[in-house]
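Subject: Structure for you to look over

Dear colleague,

I am passing on the structure we spoke about, with the sequence alongside. My notes follow below it.

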Amino acid sequence: MKRLSLPLIFLLTCAAGANAVAGPALDLAQAHFAAIGAVDRSAILRDYSDSAQLLWVGGPLDGTYDGTGAIGAVWDKFGAALGNAKVSVGAIEESVNPKGATVTAAVLFDGKSQVKVRYVLTYREGKLVHETWQVDPKLAIASH
């Protein structure tokens, strides 16, 4: 019985340790938000895979954008409208498994106007493959 419990304890300890440490997707998401706030087109586009998709829900840019060309054009429009913006990240959470990672966050972009966003970013092999930008004017953002 002891032989079975020791490996089980080892596996549970490793799993607990893995959950306690943030993965790289959280850092990638934070850098992505900062690049958007800084209107840094090259840094924004560097995050995406070639076949990435951006789903923008609400506001004047509402729509689905496929590939870095279409996504870059959207960020150009957004940057021109908002200008450089202070970025405040509220609740943020990362989920990771061997196939990829997802980050959800509440983000405030405060430039020429304020834009509150519920964000969902999906990464595979370190690249952003799917991004949902949900404009949410009522979103409560308590910065971390």
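Predicted model: local features only at pLDDT ≥ 70, side-chain atom pairs only at ≥ 80, totals over all residues.

Overall figures

Of the 144 residues in the protein, 36% are buried. The accessible surface is about 8,500 Å², and carbon and sulfur atoms account for 59% of that area. Among contacts with a separation of 6 or more, 51% are between residues 24 or more positions apart.

The sheet

The six strands make an open sheet with mixed pairing, in the order E2-E1-E6-E5-E4-E3. Strand E2 (63–66) and strand E3 (86–97) are the edge strands, each pairing on one side only. On average, neighbouring strands are turned by 15° against each other, direction ignored.

Strand E6 (residues 127–135) has two partners that can be described in some detail. With strand E5 (residues 114–124) the run is antiparallel, and eight bridges join the two. In this pairing Arg118 has Gln134 as its bridge partner, and Val120 stands opposite Thr132. The hairpin of E5 and E6 has two residues between the strands, and Glu125 takes a positive phi there, near 50°. With E1 the run is parallel, and there are six bridges.

The helices

Helix H4 (residues 67–82) lies across strand E1 (48–57), E2, strand E4 (100–110), E5 and E6, and runs at about 50° to E1.

Helix H2 (residues 24–37) has 14 residues, which should span 20 Å at 1.5 Å a residue; the end C-alpha atoms are 20 Å apart, so the two values agree. The buried residues of H2 are Ala25, Leu26, Ala29, His32, Phe33, Ala35, Ile36 and Gly37. Just after this helix, Val39 has a positive phi of about 55°.

In soluble globular proteins, nonpolar side chains tend to be buried together. The largest nonpolar core in this model has 34 residues, and those with the most contacts inside it are Trp56, Trp75, Phe78, Phe109, Tyr119 and Trp133. At least two core residues come from each of H2, helix H3 (41–46), E1, H4, E4, E5 and E6. The biggest contribution is that of H2, with six residues.

Neighbours within four places in sequence aside, Phe78 is in contact with Ile36, Trp56, Leu61, Gly83, Val115 and Trp133.

One residue in more detail

Not counting residues up to four places away in sequence, Leu45 touches Thr68, Ile71 and Gly72. Leu45 and Trp75 are 30 residues apart in sequence, with a C-alpha to C-alpha distance of 9.0 Å.

Best regards

Technical notes:
Residues numbered from 1 in each chain as written. Heavy atoms only, no water. Pairing = 2+ DSSP bridges. Helix = DSSP H or I, 4+ residues; strand = E, 2+ residues; numbered from the N terminus. Axes fitted to C-alpha atoms, helices over the stretch in contact; angles between N-to-C directions. Contact = heavy atoms within 4.5 Å. Buried < 20%, exposed > 50% of the residue type's maximum accessible area, 1.4 Å probe, protein only. Areas by Shrake-Rupley, 256 points an atom, 1.4 Å probe, with all protein chains shown as cover. Expected span 1.5 Å × (residues − 1). Core = buried A, V, L, I, M, F, W, Y, C linked by side-chain atoms within 4.5 Å.
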